[in-house]
Amino acid sequence: MVSKKISDFKPSRRKVLTGMAAAGATTALPGFVPFVQAQSSEPIRIGFQVHRTGIGAAYGRWYDRTTMAAAPVINDMGGLNGRPVEIISEDDGTDPKRGAEVVEKFATHHNTDIAYGTLFSHVVVGSAPRAGELKMPYFVVSEGHHVASGMLNRWTLQPGITDVKSQVQAMAPFVADNLGKKVTMIFPDYAFGHDHRDFFSAAIEAQGGEVIAKLAIPPTETSFTKYFPQIPRETEVIYHVMVGPAVLTFVKEMGEFFGSARPEIFGFIDSLEAVDLATPGLEFLEGTYFWEGMPRYAQENQSEYDKFYRAAIGVDNNGASVSDPKDVSTFAHMFGCWETLHTIKAGMEAAGYQGTSDRAKLVEAVEAMTDMAESQAHPQGAKVFNGKTHQVFGPQYISQVQDGRLVVQHKTALEDGFYPDEVDYTTQSF
Amino acid sequence: MAAMMLLSTRKLSRHFGGLRAVENVDFDLPEGQIRALIGPNGAGKTTFVSMLCGRIPVSSGDITFAGENVTRLPAHKRIQRGMAYTFQITSVFSDLTVQENVALAVQSRLERGAVLAGEVAKALAKVGLQDRADQIAGDLAYGHQRLLEIAMGLGQSPRLLILDEPTQGLSDGEVNDFIALIKDVAKDTTILLIEHNIDVVMALADKITVMNFGEVIAEGTPQEIHENATVQTAYLGG
Amino acid sequence: MLHLGLIAALVLLQFILPAYHHGNLARIMVLSVFAMGYNIMFGYAGLLSLGHAMFFTAGMYGMGLSVRLWDIPVGPAFVIGIFAAAALSLVVGLLALRTIGVAFMIVTLMFSQAVFLTILYFNPITRGDEGFVIAQQVRQIAGLDLSNPTTRYFAALILFAICLLAVLWLVRSRAGRVLIAIRENEERARLLGYDTWAHKLAAVVMSGTMAGAAGAAYGVLFGSVGASFAEVPFSILPLLYVLLGGPGTVIGPFVGTLFMFYLRDLSSSLTDAHMLVAGVVLILLTLFARRGIMGIVRERWLKWLP
Ligand SMILES: Nc1ncnc2c1ncn2[C@@H]1O[C@H](COP(=O)(O)OP(=O)(O)OP(=O)(O)O)[C@@H](O)[C@H]1O
Ligand SMILES: [Mg+2]
């Protein structure tokens with residue numbers, strides 16, 4: 001499987017290049033001939049907006065691997081409406097400006113059928129307007145609340161991963177029931193952190209709990225010792241979500257501050273995606289809890305779908321690359337790529353998608369989806385898609401660090417993550 | 001009090017740390033005069049005139065120009081009131097052409113157009129650089145850069161032209177031309193000339209001021225200075 | 001002549017360019033307005049700023065927040081953006097021009113960083129790092145839909161042409177000559193009677209305002225506003241554009257933006273190391289082509305080029 005993955009990856013990349021060279025030659029001519037509708041045997045072209053460089057690179061690498069593993073699986077299943085899928089990758093540098101340019105490039109240069117794969121919220125926000133204007137179905141795998149908040153447009157959908165509002169909200173019952181009701185939150189002082197602060201504060205209150213302190217850490221901070229004394233004594237649970245390279249320092253300093261007498265600690269694994277839990281300095285996390293989008297370590301009751309999915313990508317039972325155990329994946333998020341691609345397949349089949357003129361039909365077909373059963377296409381778990389808000393809702397996992405591994409303690413119900421619709425995209429015209 | 005004093009200083013001083021580069025200088029320059037300022041190296045001449053034109057701030061004392069106390073005025077305002085200063089260390093716009101250099105000087109008092117071009121040509125002709133108008137200033141020979149520096153001073157049509165060692169680096173022929181030029185310019189411009197070449201001083205100066213160790217040690221006609229014992233000692237390093 | 005020719009060529013290109021390059025060129029025109037603004041300060045007045053992203057962002061957020069918070073139509077919002085950038089550049093100019101050289105670079109860098117952090121700090125208003133969208137339906141001026149490719153192209157072209165001609169006028173004006181004099185030798189300029197400080201301040205304000213116009217236009221034409229435009233790399237970008245195109249030339253910024261854009265576009269398809277490519281270009285420039293493309297053209301062939 002792994003060698004297949006790698007060999008699949010390279011030719012498709014080369015194909016992109018030759019394709020580009022050809023397109024470059026055409027465009028050099030003054031009388032440029034507009035794109036002619038592909039023959040039905042031609043591949044469906046999916047423009048993959050990937051964070052190959054910039055701050056999203058660690059995630060991007062695994063989004064890439066997952067995507068490149070899913071494509072041949074889909075092709076083996078007969079492709080999309082009998083046509084093979086071809087992934088055309090473009091690096092966006094994790095930069096919204098470049099992101100928008102890449103979406104344009106997909107639409108007008110590579111002539112892809114759709115655009116897909118963006119993770120970082122600011123890149124989504126920068127790119128989605130262009131996708132909307134170009135009438136390009138844009139499937140993001142971002143976990144941001146931007147889609148469901150109504151900020152984006154009819155052409156932008158998030159069918160493969162739950163948004164942060166739902167994730168955070170679904171944590172509250174477990175935290176209140178098992179860890180404590182008096183919570184101190186530590187979060188980065190920018191949009192992502194503020195989403196956590198706002199969504200969780202509301203959710204824990206609904207559970208009869210309370211956030212007693214909110215410590216917003218400036219994004220430029222490299223040492224945290226001065227913040228820990230601000231944690232109130234009566235704190236029962238610390239809720240942390242730190243991202244970026246400072247997370248190791250954060251954990252280490254938190255350990256030094258509390259020693260053995262610590263409150264319960266709950267965090268979002270986002271901080272430690274692609275980070276080995278055996279990294280020296282993380283010992284303090286033993287016994288603490290984490291949200292995981294999908295369990296990084298294969299659990300005792302591992303499903304056959306999980307098994308298949310890991311094998312296809314080349315990830316071992318510890319969530320690391322089979323060829324390099326030190327190369328830890330972004331397991332809690334990257335399933336979103338796999339599932340989104342499968343949803344695109346289902347959508348195209350439901351829409352009878354033939355070519356770019358059917359793009360609106362594809363969006364409508366996805367909007368019409370509701371239940372997604374746990375399956376090879378959806379190894380993370382059964383989901384329900386909300387066609388009005390363009391957002392999927394799935395289960396969340398809460399795991400405890402035991403002997404340096406994450407062991408699932410609780411899987412949330414879909415209902416835990418539901419909230420009232422904030423938009424109905426289906427009322428917008430195409 | 002016969003002639004109007006164009007420029008006066010009172011107790012003018014400038015210290016660099018502990019070094020008293022200029023100390024309590026009282027100086028009067030009547031309108032229309034050619035005044036030479038001489039003194040050994042390091043006497044404080046450049047420092048003194050730099051304070052006059054505002055290139056460096058004073059430590060204490062006052063400067064009066066055309067009846068106005070200009071001590072606190074920034075350099076460009078003093079220039080606008082009619083001072084011009086040519087640098088001892090050549091300071092032209094070396095990436096621009098000769099013509100552009102002079103145009104910048106002329107332009108500070110004029111608007112652009114035909115007048116500008118005429119004035120630039122006139123200033124260049126006076127120093128004999130008219131044939132080099134389109135050369136890049138930085139490519140000129142050192143002597144020609146000195147002449148350009150002077151042309152920029154002339155281009156400003158100042159009331160007071162301060163020349164800091166203008167003949168340094170000029171050939172004998174050019175020095176003679178320079179003497180003639182200044183005699184001509186002096187008809188309607190007051191001149192303060194720092195000069196080491198004693199022949200130039202003798203040929204031009206109406207009056208000479210001598211500085212040493214930051215102070216004025218003598219002042220008088222060329223004849224008087226020539227005969228002054230203190231001056232002789234200063235120059236001989238006594 | 002050359003400049004009118006360039007504008008005419010850009011008008012023509014609208015009709016013959018394939019969609020992809022057509023879209024790119026609209027972007028390049030907006031970004032080269034940013035670079036032209038940068039060039040006023042760096043190329044003409046010799047002031048090296050490392051914080052121009054703040055002016056771009058001031059325009060962008062001045063426009064964007066007017067739309068987002070008060071539902072002001074994008075036309076007036078665009079003007080508000082320009083005023084925001086002008087005001088910011090005046091303040092920054094008044095403070096930063098007290099320093100020179102490396103200190104000036106650092107001060108501008110810090111101001112720009114402060115603007116970035118301010119955007120993050122006011123997250124509830126600005127949506128912080130995530131940014132926000134200017135909805136397609138409000139992006140209209142006088143009934144023209146600015147998200148339409150042709151309209152967008154011409155809107156970008158009009159802005160570009162105005163700025164190009166403004167810079168051309170500036171460098172031919174007395175003030176423009178003085179800026180060059182300041183760049184070449186500030187003390188000499190001062191001692192020719194020029195108020196160099198006032199000229200530099202004017203250069204900062206013009207430069208910042210033009211950068212702000214680019215930022216506001218970017219938001220209006222491409223529909224999103226985000227804090228990443230306030231980050232340090234976005235301050236380095238115009239410097240690169242100008243260095244490549246030719247500092248102190250009127251069309252250099254456009255040429256540099258065009259080259260860098262396509263260099264980035266091609267290199268990111270060929271290699272992951274597009275930042276490395278940019279770095280190598282920068283090093284090669286400083287080693288072999290300090291005057292940039294148009295600077296070399298001027299030196300070799302077109303001596304009269306402004
Ligand atoms: N910026 C400065 N900082 C410190 N010392 C200075 C400075 N400028 C001048 N000096 C010192 O002040 C004294 C006077 O210098 P100044 O240049 O005025 O002398 P000068 O009479 O013009 O000499 P020369 O005939 O060599 O040009 C010298 O000792 C010089 O070293
Ligand atoms: Mg001297």
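A salt bridge is here a side-chain nitrogen of Lys or Arg within 4 Å of a carboxyl oxygen of Asp or Glu. In this predicted model, B:Glu100 and C:Arg177 form such a salt bridge, with their closest N and O atoms 3.0 Å apart. Three salt bridges are found across the interface of chain C and chain B, and twelve residue pairs, both members at pLDDT 80 or more, are in polar contact across it. On the side of chain C that touches chain B, the elements giving two or more residues are α8 (174-184) and α9 (186-190) of chain C, and α8(C) gives the most, with six residues. By class, this side of chain C has nine charged, seven nonpolar and three polar residues.

The contact draws 27 residues from chain B and 19 residues from chain C. The area buried between the two chains is about 2000 Å², and carbon and sulfur atoms give 51% of it. Of the area that chain C buries against chain B, 34% is supplied by C:Arg188, C:Leu191 and C:Leu192, more than by any other three residues.

An oxygen atom of ligand 1 lies 2.7 Å from a polar side-chain atom of B:Thr46, whereas for B:Gly44 a backbone N or O atom lies 2.9 Å from an oxygen atom of the ligand. On its own, ligand 1 has 630 Å² of accessible area, of which the protein covers 60%.

Note on methods
Residues numbered from 1 in each chain as written. Chains lettered and ligands numbered in written order. Predicted model: local features only at pLDDT ≥ 70, side-chain atom pairs only at ≥ 80, totals over all residues. Heavy atoms only, no water. Contact = heavy atoms within 4.5 Å. Buried area = accessible area lost by both parts, 1.4 Å probe. Polar contact = N/O pair within 3.5 Å; in protein donor to acceptor, adjacent residues only side chain to side chain. Helix = DSSP H or I, 4+ residues; strand = E, 2+ residues; numbered from the N terminus. Nonpolar A, V, L, I, M, F, W, Y, C, P; charged D, E, K, R; others polar. Areas by Shrake-Rupley, 256 points an atom, 1.4 Å probe, with all protein chains shown as cover.
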